[in-house]
2 protein chains.
Amino acid sequence: VRPLAISAFFVAWAALGCNGTSQSALPEGGVGSRVFVVERETESLAVVDIDRLEVVGRVEGLGNMRHAVMVFTPDLKSGYLATRSGQVSRIDLETLERSADVFTSMNTIAIAVSQDGRWIGTAEYHPPAVTILDAKTSEVVARHPGVTVRDGEEVTSRVTGIVDAPGNRFVCVLMDVGEIWVIDASRPDFPIEHRVPIARDEAYDALITADGHYYVVGHMGSEHVSVLDLRAPEKGVREVSLVDPSIAAERRGFTKVPHLASWTVARDKVFVPLVAEKRLAVLDRWTWEFIDSVPLVGDPLYAIGSPLQTEVWVSFSGEGVDGKVQVIDVDTLEVKRTLDVGERIYHMDFAPRGGRVLISSNAEDTLFVVDARTYEITGRVPIHSPSGIYGPWRAFVLGL
Amino acid sequence: VRPLAISAFFVAWAALGCNGTSQSALPEGGVGSRVFVVERETESLAVVDIDRLEVVGRVEGLGNMRHAVMVFTPDLKSGYLATRSGQVSRIDLETLERSADVFTSMNTIAIAVSQDGRWIGTAEYHPPAVTILDAKTSEVVARHPGVTVRDGEEVTSRVTGIVDAPGNRFVCVLMDVGEIWVIDASRPDFPIEHRVPIARDEAYDALITADGHYYVVGHMGSEHVSVLDLRAPEKGVREVSLVDPSIAAERRGFTKVPHLASWTVARDKVFVPLVAEKRLAVLDRWTWEFIDSVPLVGDPLYAIGSPLQTEVWVSFSGEGVDGKVQVIDVDTLEVKRTLDVGERIYHMDFAPRGGRVLISSNAEDTLFVVDARTYEITGRVPIHSPSGIYGPWRAFVLGL
């Protein structure tokens, strides 16, 4: 266990005063109807009421929003946003204002809330580290530099893919050295409880399944992912192939790797967009064996599963398919519908209970709302350069 | 489709003025940390902050709280409570005050919020009916008397088991005549779209699986339940047995029927407490075939599944086992732990992300908090005669 090294240089703490906005001045919706949409070009979040279909607030001065990620504390008091400029901002979900900013690094890639809601963990590129903050006060309480030992030598590595896991753990992965960390957030020094080696390096992203059972690491340019059973981390990772064995190697187009946030689980299946394959790989959720692959209209970018576990919706990138969304039936694995929504779809999410899908079209400066039953576009909210869509329902789900 | 008959007699509408409580006077937690606990004897709800472990508010004057049920709108603006005296109260989740009361009947048994969050449906014994209210204004917008036709005659029946279902439907069941109703809450007259007959009558309760696929009706004194596939309601119900075929009939103790809110689903299995059997029946989630039954320490009352799908917790009633909770491993179906909590456990629920279990002990006037990892009691909140526990996370889940 490394001693905590909290660098004053990287931790410039700034608590912002409450501006005293009264409750009566707030929009009439509730915490549950307000969704935060990343505005990539303006360092801001638009707050959209998804019932009234309008922007009801805006949080500004947030830093570099490319791949900005937002999480919510389970008390629904705060959202936390991590940005590529290293700024971690706390957003008050009642006043819709920034209530604190902390600079934990100069480049932060991922963020998570602990299972008990008390701690925020961030994974950082530069300087490489994991930082732990108190979710109530935003104070930095611990820091693990991205350092491990290989062949007797200390090596430094960027950290990514931090998630909350059962037992009040954080799990993350070193990018430049193959190693998964399991951090115990129930103990005051937040010790790194397990360091699980991975033979393959160049990890670029990771996910945890919603039941907290598996942690999956993707590797740059590789057809394989590393799967760790979090109930038996001492057994180490196993390698799982994403390629369809029925397709000859020379016809495979495995040139790019899918972002792991683009994966989804529905019923007993894991769905993985195979970029440059024009296919969606389907794996068994429990054994991680390859089941099948689904031919698609183009190169898939992002897959989301309905909360009702009946459908997976897939977005695309590339000429001719930009703006298309295909709906796959989870049981039959057939494409049941192809929709045209808006160009350059950057993100999608189902609203709770599965009745609506929110889709951000970056090129059309629009957040689209699609009725999940009729597949019709029922709402269009103008937003400048929208990207990630973060709803407060994530507060109640492990790993989101 | 019956014409809407809104009886002024039973619908005494009373909007309560906002008392102007300012935000600063409210407790420091957020909407997500405030849980509503039914206080059976005092016509009230205690509002408990589950992080601070204290009562932070109380809603009074709610009517007969025996089997009172609470639901939450997905915008997390309101909770709705239905009581046995027919009073339906709207509770403002920010001010923690009653904001409207409506008397939809003289005896209401069940309540649901539509998938789109716009409508509240109540199932009523007396007079028998389903009433639909506007979730924003609490105004009654439709009413279907509990009437159907059998052998050419109009017959009247109490209504129960109302739930929200995919496609913005309400589903409920007539108790005194075997018939399930599917109501379309997307059309202005809320038509009864399907009337599905059930050969067996004396329905006493019903549930919908969390994926919205099946509606299950229990029948008084019967070892069978009726299962309706909501994706194909025209195919009608099928009967499913709850008894373990490996146990001889003369040794079975099937004397009482389990309340269907006491069932739970984890992974591929449905867990059913068999009252007076000292067993938990395990059915296949997709085929509804009997898998196994788990021997327990006594007569089970209530089963809840961990959000992580690893464990089912079971409470008991009866001498010698009162206050015990058994933890069953979902994979091995073995009892992995037997806990002693508080006497006369009336309700249990997992907090979101599965880290804690809330347990109301009526005889000890206490809401217990149990750590789901260590199985230790970590909190005790004094509450007078606690019963049902309703957390706002239900807002985001179909059927709760």
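Setting aside neighbours within four places in sequence, Thr122(A) contacts Val88(A), Thr104(A), Thr108(A), Ala110(A), Ile111(A), Ala129(A), Val130(A), Thr131(A), Leu133(A) and Ile162(A). The model is predicted. Thr122(A) belongs to strand β10 of chain A. The residue is buried, and its relative accessible area is 0%. Ile304(A) lies 182 residues from Thr122(A) along the chain, and the two C-alpha atoms are separated by 24 Å.

Strand β10 also contributes to an aromatic pair. Trp119(A) sits in this strand, which spans residues 119-126 of chain A. Over all chains, the whole structure holds 13 aromatic pairs. In one of them, the ring centres of Trp119(A) and Phe190(A) are 5.0 Å apart. Their planes meet at 85°, so the pair is edge-to-face. The partners are 71 residues apart, and the pair links distant parts of the chain. Phe190(A) lies in the loop between β17 (179-184) and β18 (192-197). Both partners are buried: Trp119(A) has 11% relative accessibility, and Phe190(A) has 2%.

In chain B, Phe190(B) occupies the loop between β17 (179-184) and β18 (192-197). Its phi is positive, at about 50°, although Phe190(B) is not a glycine. Phe190(B) is buried, with a relative accessible area of 2%. Asp151(A) counts as exposed, at 80% relative accessibility.

In chain A, the bond from His126(A) to Pro127(A) is cis, with omega near -5°. Pro127(A) is in the loop between β10 and β11 (129-134) of chain A. In chain B, the bond from His126(B) to Pro127(B) is cis, with omega near -10°. Arg158(A) lies over the face of Tyr125(A), 5.2 Å from the ring centre. Another such arrangement joins the chains. The charged end of Arg267(B) is over the ring of Trp286(A), at 3.4 Å from its centre. Residues of both chains also meet in one aromatic cluster, formed by Trp393(A), Phe396(A), Trp393(B) and Phe396(B).

The largest nonpolar core has 65 residues. Within this core, Phe36(A), Leu45(A), Phe36(B) and Leu45(B) touch the most other members. In soluble globular proteins, nonpolar side chains tend to be buried together. Apart from neighbours within four places in sequence, Leu45(A) is in contact with Phe36(A), Val37(A), Val38(A), Glu39(A), Gly57(A), Arg58(A), Val59(A), Leu62(A), Met65(A), Met70(A), Leu81(A) and Ile91(A).

A further buried residue is Phe368(B), at 2% relative accessibility. Phe368(B) is part of strand β33, residues 366-371 of chain B. Beyond its neighbours within four places in sequence, Phe368(B) contacts Val341(B), Gly342(B), Val357(B), Leu358(B), Ile359(B), Ser361(B), Ile377(B), Gly379(B) and Arg380(B). Val113(B) is 255 residues from Phe368(B) in sequence. The C-alpha atoms of this pair are 28 Å apart in space.

The search of the whole structure found 0 disulfides over all chains. Cys172(A) is buried, and its relative accessible area is 0%. Cys172(B) is likewise buried, with a relative accessible area of 0%.

The two chains were then superposed. Chain A is brought onto chain B by a rotation of 180°, with 0.0 Å of shift along its axis and an RMSD of 0.0 Å. That relation is the one of a two-fold axis. Of the interface residues of chain A, 100% are also interface residues in chain B, so the copies meet through the same surface.

Note on methods:
Residues are numbered from 1 along each chain as its sequence is written. Chains are lettered from A and ligands numbered from 1 in the order in which they are written. This is a predicted model: local features need pLDDT of at least 70, side-chain atom pairs count only at pLDDT 80 or more; totals for chains, interfaces and linings use all residues. Side-chain values use heavy atoms; hydrogens and water are left out. Rings of Phe, Tyr and Trp (its six-membered ring) pair if their centres lie within 6.5 Å; planes under 30 degrees apart count as stacked, over 60 as edge-to-face and the rest as tilted. Helices (H or I, at least four residues) and strands (E, at least two) are DSSP runs, numbered from the N terminus. Buried means under 20% relative accessible area, exposed over 50%, partly exposed in between (1.4 Å probe, protein chains only). A charge sits over a ring if NZ of Lys or CZ of Arg is within 6 Å of the ring centre and within 35 degrees of the ring normal. A nonpolar core is a set of buried Ala, Val, Leu, Ile, Met, Phe, Trp, Tyr and Cys residues joined through side-chain atoms within 4.5 Å. Contact means heavy atoms within 4.5 Å. Copies are superposed by least squares on the C-alpha atoms of residues with pLDDT of at least 70 in both. A disulfide is a pair of cysteine sulfur atoms within 2.5 Å.
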